[in-house]
Amino acid sequence: MSTLRQREADISESEREIGKSPSHWVLFARNQKDLGNLVSDSRWQPIPETKSAPLWTDDFSNIFRVLRAFAARKAG
């Protein structure tokens, strides 16, 4: 599995006025080539693999547990 993330935390006043808010985007793909040109876009960063994140399978697909594992790793 290949992943990318993009964080948009700094929102200008003019962007807020038109309804934009801070966001955190996460992309999942079977392999890196499926992510296309985003792999070379500096706004998108790979999410490092970690052994503490649960494996994503057809029998187990709890996206919230996976994202919590990444958030806990970032905070720690």
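Lys 20 is partly exposed in this predicted model, with a relative accessible area of 30%; here buried means under 20% relative accessible area, exposed over 50%, and partly exposed in between, computed with a 1.4 Å probe and protein chains only. Residues are numbered from 1 along each chain as its sequence is written. Because the model is predicted, local features need pLDDT of at least 70 and side-chain atom pairs count only at pLDDT 80 or more, while totals for chains, interfaces and linings use all residues; side-chain values use heavy atoms, with hydrogens and water left out.

In one of them, Glu 8 pairs with Lys 20, and the closest N and O atoms are 2.9 Å apart. This pair links distant parts of the chain, 12 residues apart: Glu 8 belongs to strand E1 (residues 2-8), whereas Lys 20 sits in the loop between helix H1 (13-17) and E2. Helices (H or I, at least four residues) and strands (E, at least two) are DSSP runs, numbered from the N terminus. Glu 8 is itself partly exposed, at 22% relative accessibility.

Lys 20 also meets the side chain of Glu 15 in a salt bridge, at 3.5 Å from N to O. Glu 15 counts as partly exposed, with 25% relative accessibility. A further salt bridge joins Arg 43 and Asp 41, with an N to O distance of 2.6 Å. Its two partners fall in separate classes: Arg 43 is exposed at 54% relative accessibility, whereas Asp 41 is buried at 17%. Through shared partners, salt bridges join Glu 8, Glu 15 and Lys 20 into one network.

The strands come next. E1 pairs with E2 in the antiparallel sense over seven bridges, and E1 pairs with E3 in the antiparallel sense over two; two strands pair if DSSP finds at least two bridges between them. Leu 4 takes part on both sides, with Leu 27 as its bridge partner in E2 and Pro 46 as its bridge partner in E3.

Thr 3, which lies in strand E1, is buried at 13% relative accessibility. Its contacts (heavy atoms within 4.5 Å), not counting residues up to four places away in sequence, are with Leu 27, Phe 28, Leu 35, Gln 45, Pro 46 and Ile 47. A polar atom of the Thr 3 side chain also lies 3.4 Å from the backbone oxygen of Ile 47.

Leu 35, one of the residues that Thr 3 touches, is found in the loop between E2 and strand E3 (45-46). Leu 35 is buried, with a relative accessible area of 9%. Beyond four places in sequence, Leu 35 touches Ser 2, Thr 3, Leu 4, Leu 27 and Ala 29.

Phe 28, another contact of Thr 3, is placed in strand E2 (residues 23-29) and is partly exposed, with a relative accessible area of 35%. Together with Met 1 and Leu 67, Phe 28 forms a nonpolar surface patch with about 280 Å² of accessible area. Patches are made of residues with over 30% relative accessible area and no salt bridge, like charges being joined within 9 Å and nonpolar side chains (Val, Leu, Ile, Met, Phe, Trp, Tyr) within 5 Å. Accessible areas come from the Shrake-Rupley method with a 1.4 Å probe, and for residues only the protein chains shown count as cover.

Methods. A salt bridge is a side-chain nitrogen of Lys or Arg within 4 Å of a carboxyl oxygen of Asp or Glu. A polar contact is a pair of N or O atoms within 3.5 Å; within protein, one must be able to donate a hydrogen and the other to accept it, and residues adjacent in sequence count only if both atoms are side-chain atoms.
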